[in-house]
Amino acid sequence: MYSLVAGLCLAACSETFPGVEGEVPEEKDFNSSEVTNDRIPILLSYNDPNYLILTRGSGPFEDFASDREHWLGAEFSVFAYKLPNSVDGSCDFSNSTDYQKNDSEEKCLLFDKKVKLKTASESALSGDDYLSLEWTDKGQYFFNGNRQDYKYGFFLSYCDDAIGGNNWKTSPECVYADVTIDGTQDIITAVAKPSESKMEELKGEKYKDLLANWDDLVFSTFAAHRGLQPQFKVKHETVRLAFSIKAGDERANRVTLKDVRLIRPVKTARLVAAAADENRVGVDLSNLTQGDYDEMWHLHDREDIGTEPPFLKPIVMEYDEKLGKNQVETPVGTSFLAFPANSYEIELECENRLEGDNGEDIIKVTHPKYIISLKSGEEFVAGSKYSICITVYGVQRIEMSMGTSGWVEAATGPIEIDPDASGDEGEYDIVDNTGK
């Protein structure tokens with residue numbers, strides 16, 4: 001009882017955030033917990049990305065309600081570094097030893113800590129709701145207990161197998177890695193921000209100092225005492241190219257689609273996972289070389305994303321004469337996940353079954369190519385899904401005709417040749433067989 005009274009008195013007099021003056025409400029001492037329990041656990045949450053994810057070997061993630069196991073199996077990397085504020089302007093991303101392992105290292109709070117989505121109800125991803133994240137090692141990690149006024153930036157990344165092993169590198173300005181994709185990996189990044197619904201909750205005297213010093217305190221131990229924890233609104237760093245196909249005429253009934261290829265895509269880029277300037281977070285394509293391009297990628301079926309052909313189940317075209325131009329589109333494979341570009345080159349492999357002179361089937365393989373670009377001339381946008389429908393026509397037989405004449409009468413009219421005329425008369429010279 002004496003300890004409780006002493007704690008309350010101490011809390012009323014304490015300055016929990018040095019340099020910020022704020023009145024303590026008489027009716028409720030909300031600062032008491034900051035004195036008696038400064039080890040505030042870090043709690044993370046994550047929202048539904050804007051478009052569906054494709055990862056190697058598992059195909060695209062559909063909506064959470066119908067594809068829960070894929071969502072819950074994904075593993076994310078989290079980084080947290082001290083950012084400059086008016087209390088302390090220092091900032092250094094070069095250290096990978098985090099505060100959880102070394103109390104004296106306060107510039108790096110978390111380095112590549114793995115998290116997964118917690119099991120949640122099917123309605124957890126509606127509206128502005130966020131799913132909670134949990135540490136894969138089942139441990140707990142804490143905000144800085146020594147300095148409640150230190151501001152930290154929280155960053156999240158998902159790379160599937162685009163980086164082999166633990167290849168994150170550090171510099172004073174950022175944490176980065178070189179990633180290599182083959183069209184089946186999604187790259188996700190996020191910088192923690194309070195959600196709109198969370199912002200609406202920050203009302204009343206309890207949040208007065210926090211709101212008045214927002215840029216200095218989000219995210220900090222001081223803010224965490226008031227229930228403000230990192231929330232990740234994720235973004236995709238790749239473009240999703242989704243394909244469908246339909247028959248263009250009755251000749252297409254003799255065509256089978258065997259493969260869809262993306263020609264000369266960018267395969268290697270630098271991914272910045274954490275930086276003081278959040279605009280730097282994401283994929284950097286500014287220094288591409290010839291070695292950063294791949295020869296081609298093959299579109300895969302969801303059920304069997306492998307490295308050897310056949311990559312797609314053959315699709316036999318069917319033309320419905322009743323539908324005419326309104327043929328039904330058939331989805332093709334999963335999607336290509338590519339880095340943003342101004343255009344993409346697509347190559348198809350089609351097998352055409354032709355009828356020979358004696359009625360026998362003749363197989364002809366064709367490789368039509370297309371350049372896909374936006375009419376606006378702008379670059380394809382990361383995080384956007386582009387639906388591309390290919391209309392297939394059957395092989396057209398070559399039919400030729402020839403006119404029996406084809407000569408056009410010259411405008412000069414008929415030419416009269418008079419051997420006795422001199423050479424300077426008329427439009428043509430008459431040359432004898434001596435060549436003179």
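A: Helices are DSSP runs of H or I with at least four residues, strands are runs of E with at least two, and both are numbered from the N terminus. This is a predicted model, in which local features need pLDDT of at least 70 and side-chain atom pairs count only at pLDDT 80 or more, while totals for chains, interfaces and linings use all residues. Residues are numbered from 1 along each chain as its sequence is written, and side-chain values use heavy atoms, with hydrogens and water left out. Under the definition of helices and strands, the chain has seven helices and 23 strands.

Q: Why does Arg264 count as partly exposed?
A: Buried means under 20% relative accessible area, exposed means over 50%, and partly exposed covers the values in between (1.4 Å probe, protein chains only). Arg264 has 40% relative accessibility, so it counts as partly exposed.

Q: What makes Lys138 exposed?
A: Its relative accessible area is 65%, and Lys138 is therefore exposed. Lys138 is found in the loop between β6 (131–135) and β7, and it too has a positive phi, about 65°, although it is not a glycine.

Q: Why is Phe93 called buried?
A: The relative accessible area of Phe93 is 0%, so this residue is buried. Phe93 is found in the loop between β4 (76–83) and β5 (108–117).

Q: Which residues does Phe93 touch?
A: Contact means heavy atoms within 4.5 Å. Not counting residues up to four places away in sequence, Phe93 touches several residues, among them Tyr81, Phe155, Pro172, Cys174 and Ala276. The C-alpha atoms of Phe93 and Ala276 are separated by 8.3 Å, although these residues are 183 residues apart along the chain.

Q: What makes Thr184 count as buried?
A: Thr184 has 3% relative accessibility, so it counts as buried. It lies in the loop between β9 (174–180) and β10 (188–191).

Q: What share of the chain is made up of buried residues, and what share of the contacts comes from residues 24 or more positions apart?
A: Buried residues make up 42% of the 436 residues. Of the contacts with a separation of 6 or more, 75% come from residues 24 or more positions apart.

Q: How many aromatic pairs are there?
A: Rings of Phe, Tyr and Trp (its six-membered ring) pair if their centres lie within 6.5 Å; planes under 30 degrees apart count as stacked, over 60 as edge-to-face and the rest as tilted. By this rule there are 11 aromatic pairs.

Q: Why is the pair of Trp135 and Tyr141 called edge-to-face?
A: The ring centres of Trp135 and Tyr141 are 4.7 Å apart and their planes are at 80°, so the pair is edge-to-face. Both Trp135 and Tyr141 are buried.

Q: What makes the pair of Phe243 and Phe336 edge-to-face?
A: The rings of Phe243 and Phe336 have centres 5.8 Å apart and planes at 85°, so this pair is edge-to-face. The pair links distant parts of the chain, with Phe243 in strand β13 (residues 239–247) and Phe336 in strand β19 (residues 330–338), 93 residues apart. Phe243 is buried because its relative accessible area is 5%, and Phe336 is buried because its relative accessible area is 1%.

Q: Which residues do ring pairs link into a cluster?
A: Phe79, Phe111 and Trp168 are linked into a cluster by ring pairs.

Q: How do you know that the charged end of Arg226 sits over the ring of Phe222?
A: A charge sits over a ring if NZ of Lys or CZ of Arg is within 6 Å of the ring centre and within 35 degrees of the ring normal. The charged end of Arg226 sits over the ring of Phe222, 3.7 Å from its centre. Lys82 lies over the face of Tyr150, at 5.0 Å from the ring centre.

Q: Where is the cis peptide bond that involves Val218?
A: It joins Val218 and Phe219, with omega about 5°. Phe219 is found in the loop between α6 and α7 (221–225).
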